[in-house]
Protein chains: 4
Amino acid sequence: MQVGFIGLGTMGKPMALRLLAAGHRLRVWNRSPGPMEELRRAGAEIAANAREAYRGEAVISMLSDDAALRQIVIDGEVLPKGGTATIHVNMATISPSFAKELAAFHAARGAPYVAAPVFGLPPVAAAGRLNIVAAGAADLIDRVQPLFDAMGQKTWRLGAEPSRANVVKIAGNFMIVAAIEAMAEATALVQAHGVPPADLFAVVTHAPFSCPPYQHYSAGMVARRYEPASFKVSLALKDLQLALDAAQAAHVPLPLGEIVRDSFVEAVGQGRDAHDASALAEVALRRAGVG
Amino acid sequence: MQVGFIGLGTMGKPMALRLLAAGHRLRVWNRSPGPMEELRRAGAEIAANAREAYRGEAVISMLSDDAALRQIVIDGEVLPKGGTATIHVNMATISPSFAKELAAFHAARGAPYVAAPVFGLPPVAAAGRLNIVAAGAADLIDRVQPLFDAMGQKTWRLGAEPSRANVVKIAGNFMIVAAIEAMAEATALVQAHGVPPADLFAVVTHAPFSCPPYQHYSAGMVARRYEPASFKVSLALKDLQLALDAAQAAHVPLPLGEIVRDSFVEAVGQGRDAHDASALAEVALRRAGVG
Amino acid sequence: MQVGFIGLGTMGKPMALRLLAAGHRLRVWNRSPGPMEELRRAGAEIAANAREAYRGEAVISMLSDDAALRQIVIDGEVLPKGGTATIHVNMATISPSFAKELAAFHAARGAPYVAAPVFGLPPVAAAGRLNIVAAGAADLIDRVQPLFDAMGQKTWRLGAEPSRANVVKIAGNFMIVAAIEAMAEATALVQAHGVPPADLFAVVTHAPFSCPPYQHYSAGMVARRYEPASFKVSLALKDLQLALDAAQAAHVPLPLGEIVRDSFVEAVGQGRDAHDASALAEVALRRAGVG
Amino acid sequence: MQVGFIGLGTMGKPMALRLLAAGHRLRVWNRSPGPMEELRRAGAEIAANAREAYRGEAVISMLSDDAALRQIVIDGEVLPKGGTATIHVNMATISPSFAKELAAFHAARGAPYVAAPVFGLPPVAAAGRLNIVAAGAADLIDRVQPLFDAMGQKTWRLGAEPSRANVVKIAGNFMIVAAIEAMAEATALVQAHGVPPADLFAVVTHAPFSCPPYQHYSAGMVARRYEPASFKVSLALKDLQLALDAAQAAHVPLPLGEIVRDSFVEAVGQGRDAHDASALAEVALRRAGVG
């Protein structure tokens, strides 16, 4: 397929490379030029701006947050005037409220739109093993399914209303940061009782927590190494804030989420913005005076 | 081996049956007679009291809490006078502080003692697939390893100090109840946004949370069925309280734990003591006014 | 003095009436016409729009939130072109970040600006007994001091940077809602132990909590009457959100604030938006199952 | 009146001195001899042990916690055999559950018993200005009212069931520590925004928080001096724990209380056990990275 790709960050780049490897033709654009060059060497065409990338059968956007997407897609007027057949597949994690605004924006301009946020860290993206949560008109998803197949191990279809996919994504990320905080507090608990966290995690990540979030983030806590980050504190806090905002908008108390936010805020206060989210262990250890 | 077994509750009974199935000879005792009869039919000998079960190469205890163990083992004077070669293997979840007291109590009476709490629900016990966290003198653990092999898929050795195994167990259970609360809050969040929790959990229990606690407890939340319970609210609250007590004893703040306790307390206030811990979803839904 | 007055809500109206009573000449404007008529009968002149009220020696604004102020003052272009001598005295509770933006906006247009949020409920405003927290250039505050004297019992000067007054105001309001939540939880605690909350509050509002927030809000909890509201749930939540936002902007964990927000969110979910903030007692009672 | 007095700590000593000053005859006892000597010089008789102090028309106990009271009153068998006319007035802060046990214990031994915990710090006790919360048989309270009049400014009668007074006392202390935490967090919030906490507290302790807990504890936070302590961190944590235990016993979630406990636990972890409770400000400042 002929595909545009906007946003070549830590997730976007390996996803785009998977598409190239699967034989799709890409026209890519990124705010900073570095990643574009790498994609060019892998066979992609470089677009002069976001508008020129918005062409072909589909255009995938993988930008960092609501604001970036708003600036480029809405304020930047990248949508072709008079409608288009290019399907916009937004795979970034955005707020449900902005997701609704975005869906309406595309509908009003005669531009097909699909939401398809993903679960999986960059190495998972590089392996084409993402889990893709897609929502939008079924025929649109059918048409971009070959792209999903190149990037993911499985596509979950969540109905016709795009924002539903975003709701699921932020709820899932909320569960991830809650798990990280639980591990962080458990780290302090066992450490304060003279048991190395490595002993705890060797057991519980075998059973019952034999799944990636526990296995991955506990490793950072055991090593007490938080760089390079796979999920930055600043990014985790941003995603958590999306969950808290969505909760507040729907009058849903999210007490666990707020506790976790405090820990992230405290981590930021310690200058750990760019550390991996597993650095919450340091916050917990310091609170307990066993750091 | 010739083994005593004290405590035939929802966990003890399937564990004892596994030992019989592996060819060990059991002398069992339980406070209420019902489960003893079932064990007798499976080939076990019935002891007249706990003291008579404290014989053979090892005696396993699987009682409900610190108080039950204290009443039977310490107040009940079950340890043979003048020392014994029978290894006491305590597999129940008890507090680290009581674990230390118990270890000292046995040492003072010349009675060998091993702590070996387990991870796994009753069906896992019935399948002999428990994860066993053992701590105590290495030669003692070597001697009872055939028993562990009959009950568990893996034994984790955590050193010579028995209470270390209990610290790991309560930290692990803390992580489990935190995961349940996270799922409960996520349930309310997506429900309030019009997305059925079943849609969320179908995705996230495949990836990234492809592990038993998420798969098991989310099923109850999706079905909104909390009976029969695999992990009762009252029991989960008791285990969480062990973690909170251990945290306070070591001056470790455990903010997530306290938030989760509030939810369990609220569940109890709703008359859900005997419901499964997944009933925290109902607490979260009611708070959000979307129950 | 000749004074403009924009915003005649539950606080603005009694404040404006105090100014009239003290002999000042008022030109007032309000979005809805009702309150203007009442002021007209008391001797005020009615402005055709906000811009016409922005005249004289000073103009006081008492609008409901950042958005209302932004719409009228910034988007509405009420500031006279080419600068003005009219001192804008903003007495509303706004966010510190918007306070800074507003100060810069006025400075850029040659318009003098003072921040002067207040402590005190409507009856206190009606009695001219507010506490006024003023920040801005000292000579500007000197000039509007006669207005403050007509509305308040005391003016606190917090320096030249206007946003400092707003920081103090939102921190104070945070303390108020925290006190309300503490009373609400205490209500549930004593009620569950068979002690009428009236008995608790009779004692503690005499000593040690012999001050208005405790005396006032506990009365609502004792009577279990939450209408009419003196401090609406929706307004309290908005003010609390200002504190949480300001906290997050400065990387300050505010765990108490987040707990209190959950209670307000839960109150909103119960349809109590327009109830008095003391209705948090109902949230606490329901959580405890003793409502 | 002829009065026994057991427990001459920071509260007991000034209370006993007030009784002497009012002309009552005292026989005092304390675990450590130092305070007894001071009382002797002021005119009191010294008892050889607690049992000898349990004589006369009334005996007042002012011990540090449940355990101390249990050891002396129950285990120490201080109650005269065969009943007594001496009214035991327990003025210490104890748990409602122990209060009930104590009332039953006295009733079973034919010993009259009144609960009368107090609000007020040591200087208030020294001035005879305590607020006394009394519960027990009305005629008993009538008989000891002259003692209350010597020690307090007001006696609040809470009915015939002694534990009710203890419930009110711990709920009141819960409100106090919640206020301290709110001030601590507000301290961090304004400090992080460049506003000295002194500026905040000058305003809000004048209005609306014109009452002792705010005025007293904020002074420590402003000065950042936490020694000598008027309400030690360790003692505040103990009192808070009584509230949390009472809450849990009655299935009452107390989310604010748990947040505050975390802060106290963190303060203990920083070696601040003996500091004043206002040291929570240091915990909040450190969390915010503005300490």
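Trainee: Is Gly128(C) buried or exposed?

Mentor: In this predicted model, Gly128(C) lies in the loop between helix 6 (122-126) and strand 8 (130-134) of chain C. Its relative accessibility is 8%, and the cut-off for a buried residue is under 20%. Gly128(C) therefore counts as buried.

Trainee: In strand 5 of chain C, which residue is the bridge partner of Ser61(C)?

Mentor: Strand 4 (residues 58-61) of chain C pairs with strand 5 of chain C in the parallel sense, over four bridges. Along strand 5 (residues 87-90), Ile87(C) and Val89(C) point one way, His88(C) and Asn90(C) point the other way, and all are buried. The bridge partner of Ser61(C) in strand 5 of chain C is Asn90(C).

Trainee: What is the area buried between chain B and chain A?

Mentor: The size of an interface is often given as the accessible area lost when the parts come together. Here the contact takes 61 residues from chain B and 60 residues from chain A. Carbon and sulfur atoms give 79% of the buried area, which is about 5,000 Å².

Trainee: Which three residues supply 14% of the area that chain B buries against chain A?

Mentor: The share in question is more than any other three residues supply. The residues are Met175(B), Leu189(B) and Leu256(B).

Trainee: Which residue of chain A meets Arg164(B) in a salt bridge?

Mentor: The count between chain B and chain A is two salt bridges. In the one formed by the side chain of Arg164(B), the N to O distance is 3.4 Å, and the cut-off for a salt bridge is within 4 Å. The partner of Arg164(B) is Asp199(A).

Trainee: Which element gives the largest share of the side of chain B that touches chain A?

Mentor: Across the interface of chain B and chain A, 11 residue pairs are in polar contact. The elements that give two or more residues to the side of chain B that touches chain A include strand 9 (152-157), helix 8 (163-192) and helix 12 (255-269) of chain B. The largest share, 19 residues, comes from helix 8 of chain B.

Trainee: How many nonpolar residues does the side of chain B that touches chain A have?

Mentor: By class, this side of chain B has nine polar and six charged residues. Its nonpolar residues number 46.

Notes:
Residues numbered from 1 in each chain as written. Chains lettered and ligands numbered in written order. Predicted model: local features only at pLDDT ≥ 70, side-chain atom pairs only at ≥ 80, totals over all residues. Heavy atoms only, no water. Contact = heavy atoms within 4.5 Å. Buried area = accessible area lost by both parts, 1.4 Å probe. Polar contact = N/O pair within 3.5 Å; in protein donor to acceptor, adjacent residues only side chain to side chain. Nonpolar A, V, L, I, M, F, W, Y, C, P; charged D, E, K, R; others polar. Buried < 20%, exposed > 50% of the residue type's maximum accessible area, 1.4 Å probe, protein only. Pairing = 2+ DSSP bridges.
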